[in-house]
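This report goes through a single protein chain, from its overall fold to its side-chain contacts. Please read it alongside the sequence and the coordinates.

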Amino acid sequence: MPDIAEMDSYAMLCEDWGSAYQITRTPGQEHPYAAERRDDPAVILTAASPGGLRELIRADYLARPVPREAAP
């Protein structure tokens with residue numbers, strides 16, 4: 001079971017990047033944290049920790065930004 005700090009990091013990751021990536025956590029996996037691009041579901045980034053996934057998302061987004069819907 002992840003500790004509180006890890007779950008807080010996961011929650012912040014979802015809040016920060018959830019509009020561009022579908023972020024999930026699958027316990028029991030070697031890399032339980034995953035982010036799927038909302039504009040290209042074939043691109044799935046995986047990491048062992050929320051911090052590791054955040055770094056992968058940042059690099060992916062910098063290379064190819066994900067279009068986000070404008071707020072009404």
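Predicted model: local features only at pLDDT ≥ 70, side-chain atom pairs only at ≥ 80, totals over all residues.

Is Arg-64 buried, partly exposed or exposed? With a relative accessibility of 37%, Arg-64 counts as partly exposed.

## Overall fold

The protein contains 2 helices and 3 strands. In sequence order these elements follow the pattern α-β-β-β-α. The radius of gyration is 12 Å, close to the 11 Å that the globule rule gives for 72 residues, so the protein is as compact as a globular protein of that length. Among contacts between residues at least 6 apart in sequence, 36% join residues at least 24 apart.

## Sheet and helix packing

The strands form an open sheet of 3 strands in the order β1-β2-β3, with antiparallel pairing. β1 and β3 are the edge strands, each pairing on one side only. Direction ignored, neighbouring strands of this sheet are turned by 15° against each other on average.

The antiparallel pairing of β1 and β2 extends over 5 bridges. Arg-25 stands opposite Tyr-33 in β2. Helix α1 lies across β1 and β2 and runs at about 165° to β1. Helix α2 also packs on the sheet, where it touches β1, β2 and β3. The direction of α2 makes about 150° with that of β3.

## Nonpolar core

Which residues of the largest nonpolar core touch the most other members? The core has 13 residues, and those with the most contacts to other members are Leu-13, Trp-17, Tyr-21, Ile-23, Ala-35, Leu-53 and Ile-57. At least two residues of this core come from each of α1 (4–17), β1 (21–25), β2 (33–37), β3 (44–47) and α2 (50–63). The most are given by α1, with 3 residues. In soluble globular proteins, nonpolar side chains tend to be buried together.

Arg-54 is part of helix α2. Its relative accessibility is 16%, so Arg-54 counts as buried, the cut-off being under 20%. Apart from neighbours within four places in sequence, Arg-54 is in contact with Ser-9, Met-12, Leu-13, Asp-16 and Trp-17.

## Salt bridges

How many salt bridges does the structure hold? There are 5. One of them joins Asp-60 to Arg-37, with the closest N and O atoms 2.7 Å apart. This pair links distant parts of the chain, since Asp-60 is in helix α2 and Arg-37 is in strand β2, 23 residues apart. Both partners are buried: Asp-60 has a relative accessible area of 16%, and Arg-37 has a relative accessibility of 0%.

Another salt bridge is formed by Arg-64 and Asp-40, whose closest N and O atoms are 3.4 Å apart. Arg-64 lies in the segment after α2 and Asp-40 in the loop between β2 and β3, so the pair ties together parts that are 24 residues apart in sequence. Asp-40, at 24% relative accessibility, counts as partly exposed, as does Arg-64 at 37%.

Glu-55 forms a salt bridge with Arg-58, and here the closest N and O atoms are 3.1 Å apart. Both residues lie in helix α2, 3 residues apart, which is about one turn of the helix. Glu-55 is partly exposed at 47% relative accessibility, and Arg-58 is partly exposed at 42%. Elsewhere, salt bridges that share partners join Arg-37, Asp-39 and Asp-60 into one network.

How values were computed: Residues numbered from 1 in each chain as written. Heavy atoms only, no water. Core = buried A, V, L, I, M, F, W, Y, C linked by side-chain atoms within 4.5 Å. Buried < 20%, exposed > 50% of the residue type's maximum accessible area, 1.4 Å probe, protein only. Helix = DSSP H or I, 4+ residues; strand = E, 2+ residues; numbered from the N terminus. Salt bridge = Lys/Arg side-chain N within 4 Å of Asp/Glu carboxyl O. Pairing = 2+ DSSP bridges. Axes fitted to C-alpha atoms, helices over the stretch in contact; angles between N-to-C directions. Contact = heavy atoms within 4.5 Å. Rg over C-alpha atoms; globule rule 2.2 N^0.38 Å.
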